[in-house]
Amino acid sequence: MSQGPRSGLAAVSSALLAMSRHLEVRDVLKTIVASARELLDAQYAALGVPDDHGGFAQFVVDGVGEEQWKAIGPLPRQHGILAAMLQEARPQRLADVRKDPRFEGWPSAHPEMSDFLGLPVRDGDEVLGALFLANKNCARPQGGCGFTEDDEELLAILAQHAAIALTNARLYERSRELTIVEERSRLAHELHDAVSQKLFSLRLTAQAAAALVDRDPPRAKGELQQVAALAAEAADELRAAVVELRPAALDEDGLVATLRTHIQVLDRAHAARVTFASQGVRALPAAQEEALLRVAQEALHNALRHSGAQRVEVTLGKRGPGTVLRVTDDGGGFDPTTVRRAGRHLGLVSMRDRASGVGGTLTVESAPGKGTTIEMEAPGG
């Protein structure tokens, strides 16, 4: 939390250096908000990063205690003054935000705010977020706003540098995500080679044991013991791989955020347009979230590498008591009657196993030239 007002070139320089020092998006957002509140001597500051569904993907506050923040409830929607800053992309300086015709109220636990200064954080034509401050710590002019034109200019400078810092942090996270994807691919290849060798040895040893059962039982017994040892080694390697390859982001960010990040990376890495939408999905048990993520990844891989699709749409939503994942592409499609052959080629068997393993179902709709839709339904959520 900020400790009090600071002024002068040194304070501005310190704030800008602090913003550029962090590489994680969340840390950059926190630093921007704390620096803005401190520089402009306000009681409250916040920065919201919009999502594509009328809400905020991230919303960071400074000046509100943790308990009060929890009591306020869900993140705000894009309405009122917040929406104005995002849609009109111009500063908003108000003597009393509560008297503005666009004001739509706030939750009962929300702190009372009066004078208000806000403006968008922009990167060219793209609005990255909305930065605002409330309740200037000063004597307010009669009927006027505590925030001045100088404050607005200072916040505009801060917002320009915030856009740079936020863009750099996003690029860093995307490059890190691509590195993780590449590393997982490498591990998968290594796992395939190692386990394939073990299984090949296991098969040959089992064949040798079968041939020795009648004429040399003691040797056959030794070969069977070797079979058991090889099978145990293969199982150990598979278990180790499962632990190593489990996406850590699921534990930290949950399924929706992990899918959104993964799809944003794919959208930038491929010529096809890849989109994601989610509505009403709550946290699921870890096994179900991982199964849904793995099915999405496999279906996306098929669509982007094999189908020739120009557009791939991923949705995650509720259906009755369950959660439904849909991956739809406009690619070449295939004949479902040849599902046995296609199942091996497209990983459908693996996807069905993942779905059934968590009590879910997998359905596939496709036709030559008509694209493909893969849907997984899992209980809960």
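Two strands pair if DSSP finds at least two bridges between them. Keep that in mind as you explore this predicted model.

**Stop 1: the sheet.** Start by selecting the five strands that form an open sheet, in the order β6-β7-β8-β10-β9. Their pairing is mixed. At the edges you will find β6 (273–279) and β9 (361–366), each of which pairs on one side only. Going from one strand to the next, the twist averages 10 degrees.

**Stop 2: a strand pair.** Now select residues 322–329 for β8 and residues 372–379 for β10. These two strands run antiparallel, and eight bridges join them. Which residue of β10 is the bridge partner of Arg326? Look for Glu375.

**Stop 3: a helix on the sheet.** Next, select residues 286–305 to show helix α8. Helix α8 packs on the sheet, where it touches β6, β7 (311–319), β8, β9 and β10. Turn the view to compare directions: that of α8 makes about 10 degrees with that of β8.

**Stop 4: another helix.** Move on to residues 348–357, which make up helix α10. This helix also packs on the sheet, touching β9 and β10, and its direction makes about 145 degrees with that of β9. Show the side chains of Leu348, Met351 and Ala355, which are buried. Then look down the axis of α10: its buried residues fall within an arc of 60 degrees, so they line one face of the helix.

Note on methods
Residues numbered from 1 in each chain as written. Predicted model: local features only at pLDDT ≥ 70, side-chain atom pairs only at ≥ 80, totals over all residues. Heavy atoms only, no water. Helix = DSSP H or I, 4+ residues; strand = E, 2+ residues; numbered from the N terminus. Axes fitted to C-alpha atoms, helices over the stretch in contact; angles between N-to-C directions. Contact = heavy atoms within 4.5 Å. Buried < 20%, exposed > 50% of the residue type's maximum accessible area, 1.4 Å probe, protein only. Arc of directions from axis to C-beta.
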